[in-house]
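Visitor: I would like to learn how to read a model like this one. Please put it up, and I will ask about its features in turn.

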Amino acid sequence: MPRPTAAQLAYGSCTVIFSTLAMLLLSQTSSSLGIVLITLSALALGLLVAMTVPLPKPAPSAAAPLVRERVPVQFETASVSASSAPEPVHEPAGP
């Protein structure tokens, strides 16, 4: 498994902290079981957010240049014969 990036750590940590505070303030629970459930759900939410952050695309290295596929080029050879040669244009002589 690859190591988490700085963005994943930051988003996950902020999600855990802010969701824990929000749920504790909104639920106004004082029981230890409620606090444990809120904390565990905030950790799960933070893990979910951290794993869904898009990973950066790896940059192509300079040592390995892009290899392009070589496509064979076909040339049409047209044989020019006297019958297929264009006729010269004769302009009428001036007055």
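Visitor: Which residues does serine 19 touch, not counting residues up to four places away in sequence?

Guide: Contact means heavy atoms within 4.5 Å. By that rule, and leaving out residues up to four places away in sequence, serine 19 touches Ala42 and Leu45. Before going on, note that this is a predicted model, in which local features need pLDDT of at least 70 and side-chain atom pairs count only at pLDDT 80 or more, while totals for chains, interfaces and linings use all residues. Residues are numbered from 1 along each chain as its sequence is written, and side-chain values use heavy atoms, with hydrogens and water left out.

Visitor: Where is serine 19 found, and is serine 19 buried or exposed?

Guide: Buried means under 20% relative accessible area, exposed means over 50%, and partly exposed is in between, with a 1.4 Å probe and protein chains only. Serine 19 is found in helix H1 and has a relative accessible area of 12%, so it is buried. Glutamine 8, also placed in helix H1, is buried with a relative accessible area of 6%. The contacts of glutamine 8, again without residues up to four places away in sequence, are Arg3, Ala50, Val53 and Leu55.

Visitor: How many helices and strands does the chain have?

Guide: Helices (H or I, at least four residues) and strands (E, at least two) are DSSP runs, numbered from the N terminus. Here the chain has two helices and zero strands.

Visitor: At what angle do H1 and H2 pack?

Guide: Axes are lines fitted to C-alpha atoms, for helices over the stretch in contact, and angles between N-to-C directions run from 0 to 180 degrees. Helix H1 covers residues 6–27 and helix H2 covers residues 32–52; they pack at an angle of about 150°, and their axes are 8 Å apart. H1 is therefore roughly antiparallel to H2. The cut-offs are under 35 degrees for roughly parallel, over 145 for roughly antiparallel and 65 to 115 for roughly perpendicular, with the rest oblique.

Visitor: Is the crossing of H1 and H2 left-handed or right-handed?

Guide: A crossing is left-handed if the near helix is turned anticlockwise from the far one by less than a right angle, and right-handed if clockwise. The crossing of H1 and H2 is right-handed.

Visitor: What kinds of residues make up the contact of H1 with H2?

Guide: Ala, Val, Leu, Ile, Met, Phe, Trp, Tyr, Cys and Pro count as nonpolar, Asp, Glu, Lys and Arg as charged, and the others, Gly among them, as polar. The contact of H1 with H2 has 11 nonpolar residues, eight polar and no charged. Among those on the H1 side are Tyr11, Gly12 and Met23, and the H2 side includes Ile35, Gly46 and Val49.

Visitor: Which residues does valine 49 touch, not counting residues up to four places away in sequence?

Guide: With those residues left out, valine 49 touches Tyr11 and Thr15. Valine 49 is placed in helix H2 and counts as partly exposed, at 24% relative accessibility. The C-alpha atoms of valine 49 and glycine 12 are separated by 5.7 Å, though the two residues are 37 residues apart along the chain.

Visitor: What is the phi of glutamine 28?

Guide: Most residues other than glycine have a negative phi. Glutamine 28 has a positive phi, near 50°. Glutamine 28 is in the loop between H1 and H2 and counts as exposed, at 69% relative accessibility.

Visitor: What share of the 95 residues in the chain is buried?

Guide: Buried residues make up 13% of the 95.
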